[in-house]
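Student: Could you walk me through how to read the sheets and the ligand site in a model like this one?

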Amino acid sequence: MKPASRAVHAGRELEARSPLAPDLSPAAVHVYTDLDDYDAVVRGERPGHYYGRNSNSNRDMLERAVADLEGADAGVATASGMAALHAAILALAPKPVTIVATRELYGGTAALLRLDLEPMGYEILFVDLTDLDAASRAIHTAGLVIAETITNPLCGVPDIEAIATICRERGVPLLVDNTFATPMLCRPLQLGATVVMHSATKYLGGHSDLVAGVIVGEAATMAAALKRSARTGTTLGPFDAWLALRGLRTLDVRMLRHSDNSLALARAMRSMRGVSRVHHPLLESSPSYAVAHRLLAHGSGGMMAFDLDGGRDAVQRMMERFRLVTFAASLGGVETTISYPEITSHRSMSPEERKALGVGAGTVRVSIGIEDAGDIIADFEQAISR
Ligand code: PLP
């Protein structure tokens, strides 16, 4: 089946009399009448569930579905994207190593690396992974590489395929945060990545009504990650898993609409007075255009950013004039929202670090929704021009 069909059906096998929509199973624990049977289930020799922190049918369905879409053996669904990232890092590098991470990294990931892993002995090197020479030099010393398919917030696109080749030659695992692109637009495992992670809070869920994370990869790595996630109690609860699977069913149509709308807004913004720069991977002016065109052939999703003349005051005035767009420090929902990296995703960085990335006082990140493109453009136009 093609990805659009798999998004609708993956993770479940229907039989006669199966409920068409999955039942929600909130049970914390399952009962048993036979000790050998219980023992076999716990050892993984027989299918079944026994305790909610270890496994749950709703979580299983979500894990199978995301693994299927990303082309992986297996997956682990966690209580948030950050829990997924943590589980993935410790599965791939259980002992301190040098971690090479993309310089323009989601601020929460940068904070996890610096505040939690660095004190444990990991060495963290932030490198511009869109610069393949710099990436190649840094990977030489690495025990793990962390990249994002589309960077946050300026939407650069590193050549994951080339980075994966360098990693493979040096025997270094590559962890890719595919939150912005989703498997509908890019499948990093097919490009050579070792593990893919998602904040399912964003596009996979798609409706801004759950917090969840998923990692996918080969079976042994996922088994280790699941054990650690169960031990540390970061596995995902049943209702959020149920909601995330429900969101996943419409992922393909949403990503196509997000992609069309974001490109339409980015193009329109180029001629809006007061906008000094527009960051969108598929604008010809993007430094990542050639790579994005190759790796994101069906669209780049709903993320873009722009720089507004007049800094924070101008951003505040624009926000007060919005009629449809709202400010919200997340992304990937059906509604168009903006966020302000200086105090949201990148607040843990110093002003100098943000400046080095190109994130300034006028930088606004946009998560374009699935509303009518004309309505979205008109709202930005009136809010900025007035
Ligand atoms: N990765 C990216 C690219 C994100 O944008 C986020 C959250 O904004 C995360 C990871 C963390 O996900 P969560 O908030 O679900 O823990």
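This is a predicted model: local features need pLDDT of at least 70, side-chain atom pairs count only at pLDDT 80 or more; totals for chains, interfaces and linings use all residues.

Student: Okay, sheets. What is the strand order in the open sheet of 7 strands?

Tutor: The general idea is that strands of a sheet pair through backbone hydrogen bonds, either parallel or antiparallel. Here the order reads S1-S7-S6-S5-S4-S2-S3, and the pairing is mixed. Strand S1 (74-78) and strand S3 (123-127) each have a single partner strand, so one side of each is left without a neighbour in the sheet. From one strand to the next, the twist averages 20°.

Student: In which sense do S2 and S3 pair?

Tutor: Parallel: strand S2 (residues 98-102) and S3 share 5 bridges.

Student: What is the order in the open sheet of 5 strands?

Tutor: S8-S9-S12-S11-S10, again with mixed pairing. Its edge strands are S8 (275-279) and S10 (326-327), each pairing on one side only. Inside it, strand S11 (residues 337-339) and strand S12 (residues 363-367) pair in the antiparallel sense over 3 bridges, and Ile-338 stands opposite Val-366 in S12. Two helices lie across strands here: H13 (residues 311-321) runs at about 120° to S9, while H15 (residues 373-385) runs at about 15° to S9.

Student: What should I look at around helix H2?

Tutor: Check both ends. At the start of H2 (residues 35-42), a side-chain oxygen of Asp-34 comes within 2.8 Å of the backbone nitrogen of Asp-36. Just after H2, Gly-44 has a positive phi of about 80°.

Student: Now the ligand. How many residues surround it?

Tutor: There are 13, the closest being Gly-81, Met-82, Asp-177, Ser-199 and Thr-201. Sorted by class, that shell has 5 nonpolar, 6 polar and 2 charged residues.

Student: Which atoms of Met-82, Asp-177 and Lys-202 face the ligand's polar atoms?

Tutor: For Met-82, a polar backbone atom sits 2.9 Å from a ligand oxygen. Asp-177 puts a polar side-chain atom 2.7 Å from a ligand nitrogen. For Lys-202, an N or O atom in the side chain is 2.9 Å from an oxygen of the ligand. Overall, the protein covers 90% of the 390 Å² of accessible area that the ligand has on its own.

How values were computed:
Residues are numbered from 1 along each chain as its sequence is written. Side-chain values use heavy atoms; hydrogens and water are left out. A residue is near a molecule or strand if one of its heavy atoms lies within 4 Å of it. A polar contact is a pair of N or O atoms within 3.5 Å; within protein, one must be able to donate a hydrogen and the other to accept it, and residues adjacent in sequence count only if both atoms are side-chain atoms. Accessible areas come from the Shrake-Rupley method with a 1.4 Å probe; for residues, only the protein chains shown count as cover. Ala, Val, Leu, Ile, Met, Phe, Trp, Tyr, Cys and Pro count as nonpolar, Asp, Glu, Lys and Arg as charged, and the others, Gly among them, as polar. Two strands pair if DSSP finds at least two bridges between them. Helices (H or I, at least four residues) and strands (E, at least two) are DSSP runs, numbered from the N terminus. Contact means heavy atoms within 4.5 Å. Axes are lines fitted to C-alpha atoms, for helices over the stretch in contact, and angles run from 0 to 180 degrees between N-to-C directions.
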